[in-house]
Amino acid sequence: MLLEREEELTVLTKAVAETQSGSGGLVLVEGLPGTGTGALLHRLADTAASSGVLVLRSGGAPAERGVTFGVMRQLVLPLLAETDGAAPLPWTAPCPDRTEAPDPATFADALHWLHLLLAGTSAERPVLLAVDDLGWVDAPTLHALAHLAARLHGTRLLMAVVHKDGTTADDPLVRDITAAATHHVRARPLSHAAARTLVADRFGPHCPEEFAATCRELTGGRPKYLRVLCDRARLRRLGAPGWQTARLRELGESLRRERLLTLLRREPVVEVFAKATAVLGDRATDELVGRLAGLSRRQCDQVRHALSVVCAGGADDDPAHPVRTVADIVSRAMGAEESSRLHREASAVLDACGADPEAVVAPLLHVDRLGGPWEIHQLRVAAAAALRRNAPDAAARYLGRALADVPPSSRIRAELLFELGLTEAETGSAPAGRHLVQAARLMPRITRQAEVVASTPMHLLRSDPQLAELVDETATALGTPPEADRLGTCLAMRLEARARYAGLHEPRFVASAARRLRELDEGPAQPSSAERELRIVLLFAAAMGGRAPHGDIARMARQVLAGQPAHASLTGPALELLPPVFYTVDDPEAAASWLDAARLCAAEQGTPGLMARVEAQRGLLLIARGEAALARACGHRAVTLADGAHDEERQPSSLLLGRIALELGDTPLAEQVLEAVEYSADLRIFALQRALWGLRAEERGDLPVALAHYLDCGRVLERAGWLNPAIADWQARTALVQHRLGRSAEAIGTAEVCHERARVWGAPTLLGRSLRVLGTVTEGPRGRALLEQAVDILGTGGSRLEFAHALAALGARLQRTSDAAGDRLLNRGRRLAAELRNRTADIGPGSAPPARAVAVGLTPAETRVAERAAQGLGNAAIARELGIGVRAVEMHLTSSYRKFGISGRRELSSALGRG
């Protein structure tokens, strides 16, 4: 049953009639595969035979394309049989193919013989030569058909050939034959109505419209494919009564893959194209595929076209789908050896075309074994490129692949281990330390070993004892270099920095930190980067030890910060260790602009974990100013940014939020922090956990348990030499709990020790807090005097939140003695504390500290006073608004005048840049 072929059949009937009347011609039947080109050719043959025409049929086949004159033999052998073989075949000798030039004399004789034979036969009786599928016809037969096509006029010889769309062959002989056509017939896909008729013929008249439409959509309306789909669907019982459209779609996709497999078997060029495409993956452009497969751009276009026409489907089909499907098929069928060879060749092609390093090595990740130094080099280059785009995971993958095939005896192995260890350290990968240790021990020279160890990220030393031991071994082996050996001196300082970092929990390193700082302070005014690194570690150890005056530590920290570029701080110890130093010395403003610059650098790099660390350290400086609400916001932003990051990047946000929970007595926040904090060798994490456990026990009213946690925290800290009371405030909290338990003598003793250590350290916040706690646990006039002293000290500097606590404590003490000032001070302290706990932005005459105030080093307290004075407020009004004494206002103004270099308050407005 031929549907919608009336016009085509009319053309075929006309061609037969013209041939019978003596007008030879050529009928060209074209169309997509599956549209019925073969059926039209058969109908033409049947029509001709019924009219008395001698029909000679033949067709090309993929397996017979190499048979010389194979198709022509099929055509003429029946004719020769009618003559009892009287005419000998002229092509017993091998005839030329597509790649060999024919012997002119022999080939000309064969073509002349064919023309005489067919022309003579047509003189007696019309002849139809029907050839199916020119794309599979052998080359000599094509020569013969082209020769005959040019000589049909005046004969009763009709040639009919089928040429299907999508063939990968681009033979000029085929073009010559099709160009000679006198009648054109094109087989087109069926319309929706005709397809519905064909489906109904298979499934019955009650077939749903949706089912029939799906059949046409899956086959593109091509009759042959439509019949195959319907027959397969009937066998699988996808029709009535269920009409399983979903399974019908699966069947359609399966048939599409079958057609692709058939094309792969028939067309070697498609297989070559598909393999190159599979190997190149997302980078499979026609240029690269052509280079790898050895195909021209025209051949690539022909293969894509052939794949698209073979895969029937609707108009909305993805044109890349057939290419992806056939690439997937051949990739699964390729053996390991062939796959590795093609992937190596693809890497070389990508390199020759100037692809980026990571694109060049992408195929190398799929070879079974790397072939040589060039491939190792390419993987190292790609790893460096990945690190530049902040993709350490990709860099580690490249280096790991390179390392897999490097023999243990190779000199490059140590360098690869070193690069891999550094890369893994950025991702928080556990094997980083082990790889660095292996790299160092494989280095042939002690100097190179020292360079490797000196480049080790410091945070690895806390969790890898073997790496810490290696630092000591290397430092001992290197010895003390002479002063003239600058490289050796730098290496020695970096090794000392790492040894001291690893020993931050050892009393000997903590106790000697201040002395070593003084030694370095006598050195050059512009220390090297190695010396700055050592100073940073020493500053942190000295701050934790709390044995040196805070002013000396603050001065040295500012000196280090002056030579520490913000971008360099993101990869060294500065970001981890310097903000806690400025927090403990009550000098947060000194590091504020540096952290702002570091924040911009981190944002440019686009690394959320790094941005989280910067945000957490900014929050630590805010809590040093007493800005609890702003600090909490920083902490929560840091937690969000660090979501999914490794422990090293999450730790600062936990430390900050834990510090805030302790400052505010916020038990829910403490619970949140305790859930997030995991075990760590860092003493700060240990102290934070114990202090938060104590806070939680206090909230439950279980004071003995709280006291035990605080004392446990203190024992471990003191054993490590961390005597600074600012660390977890364990002494202050211990004294207050002892006081609540009625152990007055113990509370006073603990508070006095805390105060003595705070006095030695000297930072205002810590000193004021120790005085507040000592005054709280001390009864009588002495306790009141201590509280007043705390208010005076905190009114001139330090944390405003601690100042609010001191005001409230003094007010509560005065209330007990019926002093009229008690209510006023208590209310002021509570208002100030509430303000600091709740506000979400800086308040005051300006929404942020003026840039000029920050530039000259005004403290937050000095800035607040100076701004109000610039607006015309008197000293008494400023004191009332800020809840401080008039004397404190005068001191802040005098300091501001000196820092700005002005003579009085009339110049404050212009100095601040406010008008």
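1. The model is a predicted one. Helix α20 itself spans residues 432-442. Its buried residues are Ala432, Gly433, His435, Leu436, Val437, Ala439 and Ala440.

2. Two of these covering helices, α21 and α23, also cross. Their axes come within 10 Å, at roughly 145 degrees. The crossing is left-handed. From α21, the contact uses Ile446, Gln449, Ala450 and Val453. From α23, Leu470, Val471, Thr474, Ala477 and Leu478 take part. By class, the contact residues of α21 and α23 are 7 nonpolar and 2 polar, with no charged residue.

3. Now the sheet. Its 5 strands run in the order β2-β3-β4-β1-β5. The sheet is open, and the pairing is parallel. β2 (54-59) and β5 (183-187) each have a single partner strand, so one side of each lacks a neighbour in the sheet. On average, neighbouring strands are turned by 15 degrees against each other, direction ignored.

4. Valine 55 sits opposite leucine 128 of β3.

5. Which strands does α4 touch? Helix α4 (residues 104-124) packs on the sheet against β2, β3 and β4 (157-164). Its direction makes about 130 degrees with that of β3.

6. Helix α5 (residues 139-149) packs on the sheet as well, touching β1 (25-31), β3 and β4. The direction of α5 makes about 130 degrees with that of β4.

How values were computed:
Residues are numbered from 1 along each chain as its sequence is written. This is a predicted model: local features need pLDDT of at least 70, side-chain atom pairs count only at pLDDT 80 or more; totals for chains, interfaces and linings use all residues. Side-chain values use heavy atoms; hydrogens and water are left out. Two strands pair if DSSP finds at least two bridges between them. Helices (H or I, at least four residues) and strands (E, at least two) are DSSP runs, numbered from the N terminus. Axes are lines fitted to C-alpha atoms, for helices over the stretch in contact, and angles run from 0 to 180 degrees between N-to-C directions. Contact means heavy atoms within 4.5 Å. Buried means under 20% relative accessible area, exposed over 50%, partly exposed in between (1.4 Å probe, protein chains only). A crossing is left-handed if the near helix is turned anticlockwise from the far one by less than a right angle, and right-handed if clockwise. Ala, Val, Leu, Ile, Met, Phe, Trp, Tyr, Cys and Pro count as nonpolar, Asp, Glu, Lys and Arg as charged, and the others, Gly among them, as polar.
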